[in-house]
Amino acid sequence: MSARRPGWGWAVVTAATGTVLIGIGAFWLSFMALADLAARSGIASGQAWIWPLLVDGLIVVSTIAVVALDGRRGSWYPWALLICGALVSVAANALHAVVAADASVPAMLAATVAAVPPLVLLASTHLTVVLTRSTTKPPDCPAQAPRELPAVAEADPAPAPESEVEPDAEPEAESVLGRRERAARLREAGWSNKAIADELQVHPSTVGRWFTPPVEEPETTTGMETTS
């Protein structure tokens with residue numbers, strides 16, 4: 001599995017580069033057509049370039065928003081913007097082709113050809129975002145400790161010489177003491193009881209008992225008071 005990751009990385013980079021270049025070309029064709037249509041519709045030539053940015057720019061940002069939300073609550077709104085932007089761009093490009101096409105070219109053919117750039121822009125933008133997310137968020141990443149908690153080196157205490165080890169020491173008692181020492185180090189580093197319990201594979205209540213100070217019982221007097 002790990003030997004194929006470099007090849008997959010190069011494939012993603014190549015595909016993402018190609019989709020970006022295709023998206024730039026599609027955006028430029030659609031931009032020129034929509035700018036000319038805006039100028040023909042009465043918008044000043046110095047301001048006609050803003051209209052294609054509004055239409056095709058809406059497609060780009062709404063596509064990124066759709067992929068970012070990824071089916072979460074409220075994702076219907078960027079989907080609605082994406083559909084509206086794509087329909088307006090396709091219709092405007094087709095209308096410009098009908099208006100500006102040569103008389104020898106059928107209007108349906110000109111409209112079909114003009115509708116390709118906005119559709120390609122939509123597809124290439126979506127594919128670029130998906131490829132980018134696949135490289136930044138691997139599917140099977142191992143579970144890690146909470147980010148806000150500092151990592152603590154789990155260094156086991158150095159083993160004592162064989163001559164100093166008591167022959168009748170119980171392995172279970174040594175394991176509990178080792179866990180309590182590690183729990184104390186993690187607690188000093190700011191770890192919560194839940195995180196310590198998950199790290200040491202014990203119940204959170206066990207960790208709570210380790211750090212609960214013993215309750216001192218009040219002293220009771222057994223002697224009886226004498227009355228005069």
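# Salt bridges, buried threonines and a helix crossing

Biologist: Asp-36 first. Buried, partly exposed or exposed?

Modeller: Partly exposed, since Asp-36 has a relative accessible area of 29%. Buried means under 20%, exposed over 50%, partly exposed in between (1.4 Å probe, protein chains only).

Biologist: What am I looking at here, and how is it numbered?

Modeller: This is a predicted model, where local features need pLDDT of at least 70 and side-chain atom pairs 80 or more, while totals for chains, interfaces and linings use all residues. Residues are numbered from 1 along each chain, and side-chain values use heavy atoms, without hydrogens or water.

Biologist: Back to Asp-36. Which residue forms a salt bridge with it?

Modeller: Arg-40 does. The closest N and O atoms of Arg-40 and Asp-36 are 2.8 Å apart. A salt bridge puts a side-chain nitrogen of Lys or Arg within 4 Å of a carboxyl oxygen of Asp or Glu.

Biologist: Where do Arg-40 and Asp-36 lie?

Modeller: Both sit in helix H1, residues 5-40. Arg-40 and Asp-36 are 4 residues apart, about one turn of the helix. Helices are DSSP runs (H or I, at least four residues).

Biologist: How many salt bridges does the structure hold?

Modeller: There are 2. Besides Arg-40 with Asp-36, the side chains of Arg-182 and Glu-199 meet at 3.9 Å, N to O. That pair links distant parts of the chain: Arg-182 is in H5 (residues 171-188), Glu-199 is in H6, and they are 17 residues apart.

Biologist: And Glu-199, buried, partly exposed or exposed?

Modeller: Glu-199 is partly exposed, because its relative accessibility is 29%.

Biologist: Which residues of H6 are buried?

Modeller: Ala-195, Ile-196, Ala-197 and Leu-200.

Biologist: What about H6 and H7, how do their axes cross?

Modeller: H6 spans residues 193-200 and H7 spans 204-211. Their axes come within 8 Å and cross at roughly 115°. So H6 and H7 are roughly perpendicular to each other, a label for angles of 65 to 115 degrees. The axes are lines fitted to C-alpha atoms.

Biologist: Which residues make the contact?

Modeller: On H6, Asn-193, Lys-194, Ile-196, Ala-197 and Leu-200. On H7, Pro-204, Val-207, Gly-208, Trp-210 and Phe-211. Contact means heavy atoms within 4.5 Å.

Biologist: New topic. Thr-63, where is it, and buried or exposed?

Modeller: Thr-63 is in helix H2, residues 50-69. Thr-63 is buried, because its relative accessible area is 1%.

Biologist: What does Thr-63 touch?

Modeller: Leu-82, Leu-122, Thr-125 and His-126, setting aside residues up to four places away in sequence.

Biologist: And Thr-19, which helix, and buried or exposed?

Modeller: Thr-19 lies in H1. Its relative accessibility is 8%, so Thr-19 counts as buried. Beyond neighbours within four places in sequence, Thr-19 contacts Ser-124, Leu-127 and Thr-128.

Biologist: Zoom out. How many helices and strands does the chain have?

Modeller: 7 helices and 0 strands. Along the sequence the pattern reads α-α-α-α-α-α-α.

Biologist: What share of the chain is buried?

Modeller: 25% of the 228 residues.

Biologist: And what share of contacts join residues at least 24 apart?

Modeller: 61%, taken among contacts between residues at least 6 apart in sequence.

Terms used. Axes are lines fitted to C-alpha atoms, for helices over the stretch in contact, and angles run from 0 to 180 degrees between N-to-C directions. Helices (H or I, at least four residues) and strands (E, at least two) are DSSP runs, numbered from the N terminus. Angles under 35 degrees count as roughly parallel, over 145 as roughly antiparallel, 65 to 115 as roughly perpendicular and the rest as oblique.
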